[in-house]
Structures are given as C-alpha cells and as structure tokens.
Amino acid sequence: GPVVGGWYKVLDRLVPGATKAVAVKKMVLDQGGFAPCFLGCFLGITGAVNGLSVEENWSKIQQDYVDALLTNYCIWPPVQVANFYFVPLSHRLAVVQCVAIVWNCYLSWKANRL
C-alpha cells in the first residue's frame with residue numbers, strides 16, 4: 001500500500017494533469033518502470049522467504065518472471081488508464097487494491113508453484 005501510494009504521488013508530480021493523454025503517459029510509466037521492478041522484487045522476496053537458495057531463487061525468477069509480466073500487461077494497463085483518468089489521487093490506491101485481490105492470488109500461485 002504505502003509503496004504504491006507513494007508511487008502515485010510521484011506520478012502526479014512527474015505528469016500533472018487529468019486528460020486522456022496524461023492517463024496514458026502515467027500508465028506507460030507505471031507499467032514500463034514500476035511494474036517490472038515490483039514484480040521482480042516480489043518474486044525474489046517470495047523465494048527468499050520460502051527458503052530457496054540464491055541459485056534456486058534465481059532459477060525460479062527466470063522461470064516465472066516473463067510469464068507473470070506478460071500476464072500483468074493483460075490486466076493492469078486498462079485498469080490503470082481508467083484509474084488515472086477517472087479516479088482522484090486520494091482513491092486510486094483503493095481501486096488498485098480491489099483489482100489486486102485477484103492479481104495477488106495469481107502472483108502467490110505463480111511464486112509458490114514448484
């Protein structure tokens with residue numbers, strides 16, 4: 001929550017405005033920069049917490065990362081464009097958390113598959 005909420009504040013400072021073009025620019029920054037980093041960190045931390053060795057964790061990340069990122073790109077871009085265009089900053093995190101319930105279930109399944 002706090003990381004994503006802070007990220008949205010940064011995006012609003014980097015790309016001010018509320019037009020459709022601004023919403024698309026924010027989505028591109030979010031999905032091109034934040035999402036790949038967040039996903040890699042999530043998979044790495046999950047592997048470490050699950051007791052994988054560094055080698056096992058790296059192998060698991062290599063196995064899962066691209067598929068998870070491609071799935072991310074099927075779900076999040078339309079959600080984020082709508083979120084950045086229609087939803088005020090103070091409510092964006094709540095919108096994302098509603099969608100994230102399903103997304104986090106997928107990520108948990110993906111990260112904990114053997």
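Which handedness does the crossing of H2 and H3 have?

**Before you click.** This is a predicted model: local features need pLDDT of at least 70, side-chain atom pairs count only at pLDDT 80 or more, and totals for chains, interfaces and linings use all residues. Residues are numbered from 1 along each chain as its sequence is written, and side-chain values use heavy atoms, with hydrogens and water left out.

**Whole chain.** Show the protein chain as a cartoon. Helices (H or I, at least four residues) and strands (E, at least two) are DSSP runs, numbered from the N terminus. The C-alpha atoms fill a box of roughly 45 × 25 × 25 Å, taken along the principal axes. Of the 114 residues, 36% count as buried. Buried means under 20% relative accessible area, exposed over 50%, and partly exposed in between (1.4 Å probe, protein chains only). Among contacts (heavy atoms within 4.5 Å) between residues at least 6 apart in sequence, 71% join residues at least 24 apart.

**H2 and H3.** Select H2 and H3. Their axes lie 8 Å apart, at an angle of about 150°. That makes H2 roughly antiparallel to H3. The crossing of H2 and H3 is right-handed. Their contact holds 18 nonpolar, seven polar and four charged residues.

The terms used here:
- Axes are lines fitted to C-alpha atoms, for helices over the stretch in contact, and angles run from 0 to 180 degrees between N-to-C directions.
- Angles under 35 degrees count as roughly parallel, over 145 as roughly antiparallel, 65 to 115 as roughly perpendicular, and the rest as oblique.
- A crossing is right-handed if the near helix is turned clockwise from the far one by less than a right angle, and left-handed if anticlockwise.
- Ala, Val, Leu, Ile, Met, Phe, Trp, Tyr, Cys and Pro count as nonpolar, Asp, Glu, Lys and Arg as charged, and the others, Gly among them, as polar.

**H1 and H4.** Now select H1 and H4. They pack at about 135°, with axes 10 Å apart. That makes H1 oblique to H4. The crossing of H1 and H4 is right-handed. Show side chains: Val-4, Gly-5, Tyr-8, Lys-9 and Asp-12 in H1 meet Leu-89, Arg-92, Leu-93 and Val-96 in H4. By class, this contact has five nonpolar, one polar and three charged residues.

**The core.** Next, select Tyr-8, Leu-39, Phe-84 and Leu-107. These have the most contacts inside the largest nonpolar core, which has 20 residues. Such a core is a set of buried Ala, Val, Leu, Ile, Met, Phe, Trp, Tyr and Cys residues joined through side-chain atoms within 4.5 Å. H1 (2–14), H2 (20–49), H3 (54–86) and H4 (89–112) each supply at least two of its residues. H4 gives the most, with six. Zoom in on Leu-107. Leaving aside residues up to four places away in sequence, Leu-107 touches Leu-39, Phe-42 and Ala-68.

**Lys-26.** Show what surrounds it: Lys-26 touches Leu-11, Asp-12, Val-15, Gly-17, Phe-84 and Arg-92, not counting residues up to four places away in sequence.

**Gln-63.** Last stop: Gln-63, in helix H3. At 47% relative accessibility, Gln-63 counts as partly exposed. Draw a distance from its C-alpha to that of Leu-89, 26 residues apart along the chain: the separation is 35 Å.
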